[in-house]
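Subject: Structure for your review

Dear colleague,

Please find below the structure I would like to hand over to you. My findings follow it, arranged by chain and by interface.

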Amino acid sequence: MTNGAFEPRLVGFLCNWCSYTGADLAGTARMVYAPNIRIIRVMCSGRVDPQFVLKAFSEGADGVLISGCHPGDCHYQEGNYKALRRHRLLTRMLEQFGIEKERFRLEWVSAAEGVKFQQVCNEFTEQIRKLGPLNWNGGKHERSQA
Amino acid sequence: MSEMNKRITIDPITRLEGHGKIEIFLDDKGDVERAFLQVPELRGFEQFAVGRPVEELPRITPRICGVCPTAHHMASTKAVDAVFHVEPTPTARKLRELVYNAFMMEDHTLHFFFLGGPDFVVGPQAPAAERNILGVIGKVGLEIGGKVIRVRRECRDILNYLCGKVIHPVCGLPGGVSKGLDEEHRVQFLETAKFAVEFAQFALQAFDDIVLKNKEYVDIVVGDAYKMETYYMGLVDKDNKVNFYDGDVRVVNTEGKEFAKFKPRDYLDHIAEHVEPWTYIKFPFLKKIGWKGFIEGKDTSIYRVAPLARLNASDGMATPLAQEHYERMYKTLGGKPVHNTLAFHWARLIEALQAAEAMVQLLEDKDITDLGIRNIPTEKPDEGVGVIEAPRGVLIHHYKTDPRGIVEETNLIVATIHNSAAISMSVEKAAKAFIKGGKVSEGLLNMAEMAFRPYDPCHACGTHALPGDMPLVINIYDKDKELVKQLKRD
Amino acid sequence: MSAAKPKVAFYWCSSCGGCEESIVDLAEDILKVVAAVDIVFWPVALDFKKKDVEAMEDGSIAVSFINGAVRLSEQEEMVKMLRKKSGLIVAHGACSHLGGIPGLGNFWNKETIFNRSYLTTPSTDNPDRTVPLEKVEVEGKELTLPRFYDTVYALDQVIDVDYYLPGCAPPRDLIMNAIQAILDGKLPPKGAVLSPNKSLCDDCGRNESKPEKLVIKEIKRPWEVEMDPEKCFLAQGIICMGPATRTGCGERCIEANMPCRGCFGPTDQVFDQGAKFLSALASILDTDDEKEIEKIVDTIIDPAGTFYRFSLPSSILRRRRMEAIK
């Protein structure tokens, strides 16, 4: 937290072949972008189990990003299409839990798109900053104070 | 002396609607001033059904009660029929009625022999250790005991076959059912149905031998302590005969004259629910009269449901053997309507006989094995009401959906609830009749139980195979909350 | 000299009574059980009171079977007391195992549920806006009710649980096997769910009818179509929770030609049944086109209420955000 203002905590699942490499490119090129995202490398965006997304939210993430290869470019042929379908269905389900659809984002970032990665991070961070913290408290009980 | 304020707590009540407790307050003379039956349970089905696809409600609402899930499943399925503006096929309707009558038969049998019956069969003054199924078997014989278990198991197997599982059936769909009956099973189940008729008659004979031929019991049945003058409500067919599955809702007044008759979908014009801050349960009453409080007699707005009420509200039974017993009951108890609460037990056995006879009729009809068991809905869903007679009374499911069939609103009025005012009053009446001058005795314990058990409240399930009677502890405190006396019945 | 019979207790929290019925449905077998154990507490059936349990020594009850979810303060107190007095606690049935159907209340809270039950239902006549209170004085007498929580809890979220008997209600053979295992002292490691660790699809009679590549082009709701009684539901486009649900139920619903709704909960390897099923379902949707994906997803109405039908309280997110409830 800087000056008590809300700093979004974002988790990003990046696929090894495209997006993670693209993020690396942004890094090595010394592009400046919001530091709020914590990156987790997976081999494919299709590897992202919805349980990971839920766990991230329940443990303090204000926003979750999945980033993979552009449609047609997946290293494993179809993984990113699975990610796309899961993302759409999961977004719908998260709304039923009261988690706004803006908090869960799917992007296609290729190995060459360092600039795009920079833009996505900045945009996502600002969007969540406006939305506010998620403050997931589903785990806390109001039970009898024995 | 003078300023003593006595409170007697009975907690928990058992063989009753889940979690319940009774609070009895004595005045300075040690007589009962007030008694309250509190229901400390709520789950919120009406609210959490919102957002669900309406066709899923027949699989969600049975979880209101694991003893009568079939009642909820059927009421819900009928409500979903209404929401989709579709009728079941003739075969599907027959199958639903078969399932439903099989369920009524086994559930009523269960209550009489394991739950309410012991009071009668063994006797209210019998030692506590005998007031249970084993005592009943001792009185009626091992043969009947074995038959009770067998008839129950076979009827429940019909439900297991047609509905997937007997605890929380799944077969109901708008416009039909999911599974049909083949010839092999029709023949097998017909044997069960015939056995059920034979058994139901056996049970009524036992009731006659043990209760009706015993003057002491008859005096208790017709006595004042267990009498309550209310209106009565039940489903009737077009000839005003008792029907469990479908029909119009009929209400008769304290003198047995028809007060109202309406289609299930118009229930809101006639039934309203009153709220009290000391219990989670609500108290339905007759809307056209308005809430008059917890009173009985001709000025009351309270009505009762379930076996005795259904018989009171009808002009007769729909099947011949049951009709004979119906006539006999009213002749014995002095005409219609009968206000004696203990007669619920008798009426219950008469209903079990009708259910068994109906099973035979349905299974003798070979068309029940037809393959056309689904009408696929074609109209847009919007709103519908499904009403059925649960063993414990009129059960109302009312759903409103959006054009896609997603539930927007529900209203559920669950059978036992219609009796909640009467149950509370019955308990208070019994307490006032038997606790006087601060003297609390074993007799009280039995008599207080007998006030609510005839209603067969919804959660009465687990007593089936085990000895048991109601655990009662009565704690008597003085106004400084010191325990003055404790009476236990183990 | 015979050893004393082990003491057994049964208790129900926010329950429908179906699990009590499941014990009764042991029918003749219950006599074997009754002969082998001493039932010391069973509010629905026997005359033992709360204070009798209080008076027992800690650990003196060999095993307590607790069914129902926890949503009232009285239930929390009772299960905590039973935990102290019992050697083993078995979570009996879907409600105590996962939260069960009452767990759907976690899409709401106390206020919305009370509002509906006591204020806004069309048949309720309540001009004074009376609602049940934890403490109230009526004609000079004080009456109390237990507190109603905003959230429904599975049993292991309130006390330490040793074993789980899954199902709504658990089938007879599973219950008998569990009781026999307890009597014989042959229990699996603590925390086990007492049913095989495979998915329903493994045992389902329709498994063979699955095509080599199972895909769904269109989702159908059970009321919309004639359902083929021999073919895998998913292959017909009908949502069936089989892939994400533990086996052991005997496929009772499938036999009645209705799809599975997941009452047994997930297998050991899965944390969150609903999320796992969502993953499986999304994977087999037969389209890669963004617009078509949106269209199909649109037809999956109520994903949360369907995929978490029995398991909402025990899911990762547990409940809908309180701030989102109006």
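Two strands are taken to pair if DSSP finds at least two bridges between them. That criterion applies to the hairpin of strand 6 and strand 7 of chain C, which has 2 residues between the strands. Please note that this is a predicted model.

**Confidence**

The model has an ipTM of 0.94 and a pTM of 0.91. For chain C, the pLDDT averages 92, and 97% of the residues score at least 70.

**The hairpin in chain C**

Strand 6 and strand 7 of chain C run antiparallel and are joined by 4 bridges. Across this pairing, C:Val136 stands opposite C:Leu143 of strand 7 of chain C. Within the hairpin, C:Glu139 takes a positive phi near 50 degrees.

**Contacts between the chains**

Which chains share the most contacts? There are 2 pairs of chains in contact, and of these chains B and C share the most. Their contact brings together 70 residues of chain C and 74 residues of chain B. By class, the side of chain C that touches chain B has 39 nonpolar, 14 polar and 17 charged residues.

The contact between chains A and C takes 28 residues from chain A and 31 residues from chain C. On the chain A side, helix 2 (50–58) and helix 3 (79–96) are the elements that give two or more residues. Helix 3 of chain A gives the most, with 11 residues. The side of chain A that touches chain C is made up of 11 nonpolar, 8 polar and 9 charged residues.

Chain A and chain B are joined by no contact, and their closest C-alpha atoms lie 9 Å apart.

**Domains of chain C**

The domain assignment divides chain C into domain 1 (7–101 + 150–184), domain 2 (108–149) and domain 3 (200–307). The C-alpha centres of domain 1 and domain 3 of chain C are 31 Å apart. The contact between these two domains takes 8 residues from domain 1 of chain C and 7 residues from domain 3 of chain C. Helix 5 (residues 94–98) of chain C provides the largest share of the domain 1 side, 3 residues. That side has 6 nonpolar, 2 polar and no charged residues.

Chain A holds an open sheet of 4 strands in the order 2-1-3-4, with parallel pairing. Strand 2 and strand 4 (104–108) of chain A are the edge strands, each pairing on one side only. From one strand to the next, the twist averages 20 degrees. Strand 1 and strand 2 of chain A pair in the parallel sense over 6 bridges, and A:Ile37 in strand 2 is the bridge partner of A:Leu10.

Helix 1 of chain A lies across strand 1, strand 2 and strand 3 of chain A, running at about 115 degrees to strand 1. In this helix (residues 19–28), A:Ser19, A:Tyr20, A:Gly22, A:Ala23, A:Leu25 and A:Ala26 are buried. An α-helix has 3.6 residues a turn, so residues three or four places apart point the same way. What covers the buried residues of helix 1 of chain A includes strand 1 (10–15), strand 2 (37–42), strand 3 (63–68) and helix 4 (114–131) of chain A. Helix 1 of chain A is followed by A:Arg30, which has a positive phi near 60 degrees.

**A sheet in chain B**

In chain B, an open sheet of 3 strands has the order 12-13-14, with antiparallel pairing. Strand 12 (383–390) and strand 14 (407–413) of chain B stand at the edges with a single partner strand each, so one side of each is left without a neighbour in the sheet. The twist averages 15 degrees from one strand to the next. Strand 13 (residues 393–401) and strand 14 of chain B pair over 6 bridges in the antiparallel sense, with B:Ile396 standing opposite B:Ile413 of strand 14. Helix 3 (residues 69–83) of chain B lies across strand 12 and strand 13 of chain B, at about 155 degrees to strand 12.

With kind regards

Key. Residues are numbered from 1 along each chain as its sequence is written. Chains are lettered from A and ligands numbered from 1 in the order in which they are written. This is a predicted model: local features need pLDDT of at least 70, side-chain atom pairs count only at pLDDT 80 or more; totals for chains, interfaces and linings use all residues. Ala, Val, Leu, Ile, Met, Phe, Trp, Tyr, Cys and Pro count as nonpolar, Asp, Glu, Lys and Arg as charged, and the others, Gly among them, as polar. Domain bounds come from an automatic or database domain assignment. A residue is buried if 20 or more other C-beta atoms lie within 10 Å of its own, exposed if 12 or fewer, and partly exposed in between; C-beta atoms are placed from the backbone. pLDDT is the predictor's confidence in each residue, from 0 to 100. Axes are lines fitted to C-alpha atoms, for helices over the stretch in contact, and angles run from 0 to 180 degrees between N-to-C directions.
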